[in-house]
Amino acid sequence: MKNKKRGVLVVFLMLVMCVSIMFGRAITEKNVFAKMETETNSATVETIENNKNENNASSSKTEVIENSANDSTTQSETLDKTIENTNATETTKVGDLQNARVVIRGKAKKEYEAEKATVSFMVNSLDLVKKVSRDKNKEITNKIVSGLAELGIGKDMISYSYSSCYLTREGFKNDLTGTRTSTTLSVQVDNLENLMNAINSIMENGGEVNSINFKLNDFESKYNEVLNLAINSAKIKADEVLGATGTIKGIKEEYIYSCDTKYQSYIDGLDGEFLNNKITVEAQVEIVVG
């Protein structure tokens with residue numbers, strides 16, 4: 001009897017196990033099916049969205065193409081207008097040139113030979129005794145004045161600039177060598193043919209020539225001559241630009257450095273051929289032509 005009950009219990013347990021196994025498989029298959037269905041739906045949604053994006057992209061491309069066409073048309077129209085405006089501007093410039101007020105510059109220069117010169121020179125003397133040094137300096141100066149007088153250059157043509165008297169020293173021990181007296185003078189030579197004679201006389205009588213300043217007579221007259229050349233130069237330019245129709249409305253004299261003197265340093269023994277007495281005079285103007 002006991003064995004029969006055990007057999008029944010075993011059969012019952014086996015049935016329970018089979019039912020459990022079948023129920024578990026059913027649940028698993030249901031989950032797998034649900035997962036597949038979900039993935040399928042997701043794929044379908046993605047496909048739909050991709051199709052929408054492709055449609056949107058196609059629409060955007062179409063719009064870009066249309067906009068590009070419109071831009072090209074606009075640019076072409078703008079370019080045509082620019083060309084028209086440019087042509088109109090050029091036509092206006094050319095047409096209004098005859099009525100414009102034009103400013104033209106003229107410049108001229110000319111060389112003139114100097115008519116006179118001023119020679120700057122020094123007289124130096126040295127002695128241990130101050131008074132003796134000064135007396136020697138005076139003696140040398142008087143000799144120079146006498147020598148120039150023999151050339152027809154009077155005392156009234158000689159100008160005194162300044163003089164100095166100072167102690168001089170030399171050597172490692174700074175030994176006193178004496179008192180030096182130095183006097184600076186200048187002489188005006190109105191006849192340039194006499195210039196080298198005057199220089200040689202100064203040096204032979206103990207003077208030291210420093211420099212020569214050449215000078216023009218009647219500078220204003222010479223400058224006005226060059227000024228007229230500058231005006232004529234401007235007129236010629238105006239005729240070339242505007243032709244005979246141009247009328248001068250005004251003339252403006254411009255500043256340009258131009259001097260009536262020319263400085264030249266002098267070196268002991270320099271021959272007269274190396275002296276350049278030519279002075280350049282320059283002028284510049286602006287004329288208004290309309």
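This is a predicted model: local features need pLDDT of at least 70, side-chain atom pairs count only at pLDDT 80 or more; totals for chains, interfaces and linings use all residues.

Visitor: What makes Glu225 and Lys110 a salt bridge?
Guide: Their side chains meet at 2.8 Å, N to O. The cut-off is 4 Å, so the pair counts as a salt bridge. Glu225 sits in helix H4 (residues 219-242) and Lys110 in strand S1, so the pair ties together parts 115 residues apart in sequence.

Visitor: Why is Lys110 called partly exposed?
Guide: Lys110 has a relative accessible area of 30%. Buried means under 20% and exposed over 50%, so a value in between is partly exposed.

Visitor: What about Lys222, buried or exposed?
Guide: Lys222 comes out at 13% relative accessibility, under the 20% limit, so it counts as buried. Lys222 also forms a salt bridge with Glu115, the closest N and O atoms being 3.3 Å apart. Glu115, at 27%, counts as partly exposed.

Visitor: Which residues share partners in one salt-bridge network?
Guide: Arg105, Glu254 and Glu286. Within it, Arg105 and Glu254 meet at 3.2 Å, N to O.

Visitor: What makes S3 and S7 edge strands?
Guide: The open sheet runs in the order S3-S4-S2-S5-S7. Strand S3 (158-170) and strand S7 (261-265) each have a single partner strand, so one side of each is left without a neighbour in the sheet.

Conventions:
Residues are numbered from 1 along each chain as its sequence is written. Side-chain values use heavy atoms; hydrogens and water are left out. Two strands pair if DSSP finds at least two bridges between them. Helices (H or I, at least four residues) and strands (E, at least two) are DSSP runs, numbered from the N terminus. Buried means under 20% relative accessible area, exposed over 50%, partly exposed in between (1.4 Å probe, protein chains only).
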